[in-house]
Each structure stands twice: as C-alpha cells, then as structure tokens.
Amino acid sequence: MDPVELFHQVAATVPAYRAFLAENNVDPAKVTTFQDFERLPMTTKDSYTLRHPLPDLCRNGEIGDMIAVSSGSTGKPSFWPRSAPDERVITARFEEVFRDSFAAREQRTLAVVCFALGTWVGGLFTVNCCRHLAERGYPITVVAPGSDRREIARVLPELAPYFDQVVLLGYPPFLKNVIDTEDLPWAAWNIKLVTAGEVFSEEWRTLVAERAGIADPVRGIASLYGTADAGVLGNETALSVEIRRFLSARPGTARELFGESRLPTLVQYDPEVRFFEEHEGTLLFSGDNGIPLIRYHIADQGGVLPYERLLDLVRRHGFEPAAPGPERPFVYVFGRSHFTVSYYGANVFPENIAVGLEQPAVAGSVTGKFVMEVVEDARRDRQLTVTVELMPGEKPSDETAQVVGASILAQLLRLNSEFAAYVPPAQQMPFIRLRQAGDPEYFPPGAKHRYTR
C-alpha cells in the first residue's frame, strides 16, 4: 500500500476527512512524500469518528450495505459501516489461516461461529468471511450458534460427524470454557480454533490443544488481530506461532525484543492493504474500510517488526523455524494498558496471572478466568488479590487456594522482573479468593470477561 496515494483518495472522497484536514490547516496538495504523510495529524475516535455524522465518514458520503456495532471501553456504542468488498479484503486473513494452517482446501470443514451474533461486530462479520471462503471454492459449511452454549452443544453432535474437521471461532476464554465443560467427543472431530479479542499465553495454547485433542498446537489454533474500526488487521501464521512459542520459553529474549515482561500477540499483516506505524509504543494504522482511516490511533500497545529483523534475531539465538511462512512484516500487540494493575510500582499484567493458572498442578481445578485487583485492608495496607473461577463441581478450599497462589507467584517472579525487583518479598504472595463456576459477582455468564478491577 502506498500510504500517500491512499491519503489522497480519502481526502478526495470522504467529507469528514476533508473537514478534519481543514480544521488542522492541512493542504492535501502539499502532501507528496512519505515524510509529509508522517507529519499528518493522527485521527482518533474522539478527534475524528465521533465528531462527524456517520455518512460523512464514508466514501462519497454513502453508508455501506451493512453496519456493525461496538460498545468500546466506555459502553457507548459506535457504528461501523462496511460493504461486501471490504469483507472480501479481510477474508484473505481468514483464508490464510484456513488454507495454510488448517488445510481446508482439501477437507470438508464445519465452521462454527461462537462470537456473539446480532449487531455486534464479531459474529456476523465472521459468518460473512467464512461464506466468502465457500464462494472461493473451499468446502466450508457455516453454522452460527453464537455465544449460546446450549445451542453449540446441540448442533455439534448432529453436524460434526459429516465433516473432516470442525473449526470453532470465538473469544479464547469462551472457547476454553465450552471445551472444558461440555461433555462432547472433541478428539473425534478433528477440532481447530480461531480466536480473537484477547492475548493468550503459549501455555494456554498447549493446554487447550490437549483438552480438545488438537495434535499440533502450532497449526491447530490461530489468533486474529482485529478491531471494530477496521476488521481483521493481521493473523497468526505457523511461522509467527513457532517464533512466539520459542520466545515464551525465553522471557529475557522476549523482553529484549518487545520491551515488556509479558508476551504479546504476534501476527503477520499484508502491507498491500494495511499500513502500520508506531507512535510512543502504540500502533497507528491506515487502511481503506467502510470508514476509511488515515493514521488512526487505536491505543493498542505494540509495535512493528520487519520480517528479516525478527528472523535474524531468533536465528542469532539458535532458533530456525520449521514452518515456512509468508515473507511479510510482523505486528505485535499487547492490548490496552488500562487492563494492568500497579502494585508497589510494578505493572502486573493479566497475561502473567494467566500463565500461573495454566500450569499442570492447577489447570485441572480452574477455568482460567480470574479478576485481579489491588485491595486495601482496614490497616490501609495494599494486597494483590486474585479472584479465581473454579471448574464446575469444584469447591473452594484453603489447599487449592495455596496451590493456586504458589503457581501464580512462581510465574510472576519468572516473567515479570519489575514485580520481582519492586515488590517486597513479604508482600509478593497474592491473596487468592476462589469462587464457584458462574459466580454472579465476578464470573457472570457471557462471552467476554474483564480481568481487572
């Protein structure tokens, strides 16, 4: 993608962007080089999309043929028009996963969409992209029970035996919960997973692969990086998963590369249709969508890595990936910074806690869902507190709480050098509160879950 060319297309056809440029005293005719492009003001939801009528944000002032809704972090809905051509561009990300990791060209595939349906951005978008794959000749059949677990458990036994493989598409904790709690013959159905919306650990990938009977975690579970604003921006490939699994066992190398003690989602993207930039440790992107966006700041923490740079780095550390991969750049994404808690000056990330719950001594007793918070007691002392959901049928006990706390602490000390250095040893052990499955205060039913308070 030539970002300067895209800029001129958007400036010429999108009324809101023309107004935005005028407000910022930008003459489009004077933007002729990439250096000019880099000096353009960023757009954000507050400075741009929320300030203009919906038609003015679209090409030629015309709303596309479908609208999706996202609630955002504030709960106020945002509307994102798109058209079939927009979806076909994004379908290429699904196609790469289905073709290269799942061999879906050669296998009858049942795609089970487990994202929430209705106006919300994930469900129907995914349904449409899977149907576009069927139009391209893939032997894919789509069923969309959404996030209704009873419907998932009803349709799978009826339909799965007719197919060579079953692909579940949904949010990571929701899919794990379905696999853990529904008594179904997962291993017999050649299960694959496509996830989106959350960062997960490589321990999570290994654990869920074992429980679902997925023989090859590298090619059996793939994550998509997407936003409501622009659809899917990148996807895991077998190459990116191999590299991530290598880095997950070497926190020091990962920290050297990413500058953080947690492991980000690592995906590859197509520079022909999306353009990424880094800004103070966060991501900007430009792309032609239902609402075309230029230098849009999505507030995701992360960065961009050229293909050769990342491959050279892992090779210097003695790792040669077995999986061939597209020679395309990588983008890494931590997610939003406000999902952390600060404890004695150390940032504690949900990803650090999650790895502790995915260890063999603990994983059989807990669902993987938790809420972390820093609680002040009557003496005004602060305590890192983690409320953990137990598997159905499990009862809270002091013994389980001790094992869970020890596992979380061991991983915090291994992965988070800030925590090890800043938090006094006497205050490092987290206080564990165990709750039964589906606890209405902390773990109400639903597809999405917030990990911090």
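Is Phe34 buried, partly exposed or exposed? With a relative accessible area of 32%, Phe34 is partly exposed (buried means under 20%, exposed over 50%, and partly exposed in between, using a 1.4 Å probe and protein chains only). Keep in mind that this is a predicted model, in which local features need pLDDT of at least 70, side-chain atom pairs count only at pLDDT 80 or more, and totals for chains, interfaces and linings use all residues. Residues are numbered from 1 along each chain as its sequence is written, and side-chain values use heavy atoms, with hydrogens and water left out.

**View 1. Phe34 and Phe37 share helix α3.** Helix α3 covers residues 34-38, and these two residues sit 3 residues apart in it, about one turn of the helix (helices, H or I with at least four residues, and strands, E with at least two, are DSSP runs numbered from the N terminus). Phe37 has a relative accessible area of 0%, so it is buried. The chain has 22 aromatic pairs (rings of Phe, Tyr and Trp, the last by its six-membered ring, pair if their centres lie within 6.5 Å; planes under 30 degrees apart count as stacked, over 60 as edge-to-face and the rest as tilted). The ring centres of Phe34 and Phe37 are 6.1 Å apart and their planes meet at 15°, so this pair is stacked.

**View 2. Phe246 and Phe319 form a stacked aromatic pair.** Their rings are 4.5 Å apart, centre to centre, with 15° between the planes. This pair links distant parts of the chain, 73 residues apart: Phe246 belongs to helix α10 (residues 238-248), while Phe319 lies in the loop between α12 (307-316) and β13 (330-335). Both Phe246 and Phe319 are buried.

**View 3. Leu412 sits in helix α15.** This helix spans residues 398-415. Leu412 counts as buried because its relative accessibility is 0%. Leaving aside residues up to four places away in sequence, Leu412 touches Val348, Asn352, Ile353, Leu384 and Phe419 (contact means heavy atoms within 4.5 Å). Glu198 is 214 residues from Leu412 in sequence, and their C-alpha atoms are 19 Å apart in space.

**View 4. Phe79 lies in strand β2.** Look for this strand at residues 78-82. Phe79 has 43% relative accessibility, so it counts as partly exposed.

**View 5. Five aromatic residues form one cluster.** The members to find are Tyr225, Tyr269, Phe276, Phe285 and Tyr296.
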